[in-house]
Amino acid sequence: MSHSASSTDMKPKHTLRQQMAYTFSGFGQAAFYNMMSTYFVVYVTSALFAGVNKDIATKLVGIITGAIVLIRIGEIFIDPLLGNLIDNTNTRIGRFRPWQFIGGLVSAILLFMVFTGLFGFVNVNQTWFIVLFIAVFIILDVFYSLRDISFWGMIPALSEDSQERALYTSLGSFGASLGFNGLTVIVVPVVTYFSMLFTGRNEQNQSGWTALALIVAMLAIISAMSGAFGTRNARVRCAPRLKITAALFKPSRRWRRTINCCGSPCPTCSMPWQTSRRQACCSTCSNSYSTSQRHSPLQESSPLSLVC
């Protein structure tokens, strides 16, 4: 009695802890997405090419923004392949949780690299910078998609109950809303503060954006670990195995009853045939006719109907 009571007491704690972990994972993921999509464009147009000639910087901004548009279009074709990759993953911790951690870790590191101008390489060689920048951003986008697909796809694996699945969907959306809007609130103060801290200027420059990217990247890694290691797959109850017995192969009594075939008359008295599974016979003169013969009434094209 005490053992069952303790098990009942532990289950809500485990469920609550898992729900909080999933919510926090959505929080960090949405903040990361807002940083990668919305404020990445702001960073490119305002701070990335601050040390480059204005005419060259304008061309570089156009190249990067055009490349991003093409990458977004390519996601339409890449995402189904990534979903198939996740579905075919088979590990000890499931299909989705490994990609939560791997996708979150790799994409966070690459996001930090992007917001540093590839560690200052933008001021060394602009041509090679564009090539490397586009390649890094494609890899970043792929690993973020792996995390995003696995985040929403893991909901059916967390619970068998439809109400709990709906709750996880709501919690994920709630956490994502907090993360997305929370980053919007802190962007300007954080970037301005660190810009003034490192350069002494009251503006939003490279130092401020790099510091913000570091904060978001760390948040993304911690939240990815929360989603990967703070959740567990639900135990799937397997259906009972079907016992193979000789009774399964025995013809049903229902099909042993006579069936009226209207396609062919009896050659003796011209009455309709009565057919069974093995042979046909006339109900009037009891003339038998094997159903295995070539012109059996069972082989006629007319429909068969039960006569019970």
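## Packing of α3 and α8

In this predicted model, R97, Q100, F101, G104, L105, A108, L111 and F112 of α3 are in contact with T210, A213, L214, V216, A217, A220, I221, A224, M225, G227, A228 and F229 of α8, where contact means heavy atoms within 4.5 Å and helices are DSSP runs (H or I, at least four residues) numbered from the N terminus. By class, this contact has 15 nonpolar, four polar and one charged residues (Ala, Val, Leu, Ile, Met, Phe, Trp, Tyr, Cys and Pro count as nonpolar, Asp, Glu, Lys and Arg as charged, and the others, Gly among them, as polar).

The axes of α3 (residues 97–114) and α8 (residues 206–229) come within 8 Å and cross at roughly 175°, with axes fitted to C-alpha atoms over the stretch in contact and angles running from 0 to 180 degrees between N-to-C directions. The two helices are therefore roughly antiparallel to each other, a term that applies to angles over 145 degrees.

## The cavity

There is one cavity of 30 Å³ or more, a cavity being a set of points on a 1 Å grid over the protein atoms alone where a 1.4 Å probe fits but cannot get out. The largest cavity holds about 30 Å³ of space, the volume being that filled by probe spheres set on the points.

Its lining (residues with an atom within 4 Å of a point) consists of I64, A67, I68, I71, F133, I134 and F137. The elements giving two or more residues to this lining are α2 (54–87) and α5 (126–153), and the largest share, four residues, comes from α2.

## Confidence and conventions

The chain averages a pLDDT (the predictor's confidence in each residue, from 0 to 100) of 78, and 71% of the residues score at least 70.

Residues are numbered from 1 along each chain as its sequence is written, and side-chain values use heavy atoms, with hydrogens and water left out. Local features need pLDDT of at least 70 and side-chain atom pairs count only at pLDDT 80 or more, whereas totals for chains, interfaces and linings use all residues.

Note on methods. Parallel < 35°, antiparallel > 145°, perpendicular 65-115°, else oblique. 1 Å grid on protein atoms, 1.4 Å probe; cavity = no way out; pocket = protein on both sides within 12 Å on 5 of 7 lines; lining within 4 Å.
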